[in-house]
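This report describes packing, salt bridges and surface in one protein model. Please look through the sequence and the structure before reading on.

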Amino acid sequence: MNIFRLFGDMTHLASVLVLLLKIHTIKSCAGVSLKTQELYALVFASRYLDIFTNYISLYNTTMKLIFLGSSFSIVWYMRYQKIVRRTYDKDQDTFRHYILILPCLLLALVINERFTFREVMWAFSLYLEAVAILPQLVLLQRTRNIDNLTGQYVFLLGAYRALYILNWIYRYFTEPHFIHWITWISGLVQTLLYADFFYYYIQSWKNNQKLHLPA
């Protein structure tokens with residue numbers, strides 16, 4: 001494992017911890033899209049079908065369990081925890097996320113590395129992860145009100161994808177025959193979707209810094 005992969009995993013893990021901190025400690029999911037969290041739960045469920053049948057390492061299994069458990073617990077909190085669900089902005093989070101699922105599944109059936117159930121589901125998870133952030137980005141565009149923890153959550157997700165691209169570039173030049181077009185293109189699409197958020201996030205940060213400057 002190279003440093004870019006490790007930092008990418010740790011950044012991804014940090015994004016989940018930031019969101020769980022917001023939901024569990026502050027008892028608020030304001031500004032968080034339930035639609036995106038449901039898509040992420042589906043992403044991990046379809047990607048880690050081999051969790052109990054294909055052991056790679058303790059690190060790999062631990063990370064799989066963390067992302068599976070955290071994604072479904074976030075969905076449960078937002079749907080069923082009485083205090084948290086009252087803070088969910090259902091009227092603004094109206095992106096029809098289900099329309100993303102079928103196209104991703106059809107694409108996975110057509111474009112995959114091998115036409116087996118597990119490989120199709122793996123490809124499906126990559127395609128779905130590439131667009132799963134869309135409901136969250138649309139919600140932030142509508143509200144135009146990014147609190148610190150929600151902003152940090154999305155920022156860390158974007159940083160995780162950027163680090164994974166560096167990981168792929170590193171592996172391409174250091175490992176023979178490392179070519180995974182499905183993973184690369186899906187990851188690139190996902191990273192590009194964060195561009196508008198990063199611009200708005202940086203502008204918001206600059207404006208906040210100006211407000212705190214002494215007169």
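The sections below cover the basis of the model, its nonpolar core, its salt bridges and its nonpolar surface patch.

## Basis

The model is predicted: local features need pLDDT of at least 70, side-chain atom pairs count only at pLDDT 80 or more, and totals for chains, interfaces and linings use all residues. Residues are numbered from 1 along each chain as its sequence is written, and side-chain values use heavy atoms, with hydrogens and water left out.

## Nonpolar core

The largest nonpolar core has 52 residues, and Ile-23, Tyr-40, Met-78 and Leu-128 have the most contacts inside it. Such a core is a set of buried Ala, Val, Leu, Ile, Met, Phe, Trp, Tyr and Cys residues joined through side-chain atoms within 4.5 Å; buried means under 20% relative accessible area, exposed over 50%, and partly exposed in between (1.4 Å probe, protein chains only). Helices H1 (3-24), H2 (34-47), H3 (58-80), H5 (98-110), H6 (117-131), H7 (134-143), H8 and H9 each supply at least two residues of this core. Helices are DSSP runs (H or I, at least four residues) numbered from the N terminus. H6 gives the most to this core, with eight residues.

Met-78 touches residues including Ile-23, Cys-29, Val-32, Leu-34 and Tyr-88, not counting residues up to four places away in sequence. Contact here means heavy atoms within 4.5 Å.

## Salt bridges

Seven salt bridges are found in the whole structure, each a side-chain nitrogen of Lys or Arg within 4 Å of a carboxyl oxygen of Asp or Glu. Arg-47 pairs with Glu-129, with the closest N and O atoms 2.7 Å apart. Arg-47 is in H2 and Glu-129 in H6, 82 residues apart.

Lys-64 and Asp-50 form another salt bridge (3.3 Å, N to O). Lys-64 lies in H3 and Asp-50 in the loop between H2 and H3, so the pair ties together parts 14 residues apart in sequence. Lys-64 and Asp-50 are both buried.

## Surface patch

Leu-166, Ile-169, Tyr-172, Phe-173, Ile-179, Trp-181, Ile-185 and Val-189 make a nonpolar surface patch of about 850 Å². Patch residues have over 30% relative accessible area and no salt bridge, with nonpolar side chains (Val, Leu, Ile, Met, Phe, Trp, Tyr) joined within 5 Å. H8 (148-174) and H9 (181-193) each give two or more residues to the patch, and H8 gives the most, with four. Tyr-172, in H8, is partly exposed, with a relative accessible area of 44%.

Methods: Patch = residues over 30% accessible without salt bridge, like charges linked within 9 Å, V, L, I, M, F, W, Y side chains within 5 Å. Areas by Shrake-Rupley, 256 points an atom, 1.4 Å probe, with all protein chains shown as cover.
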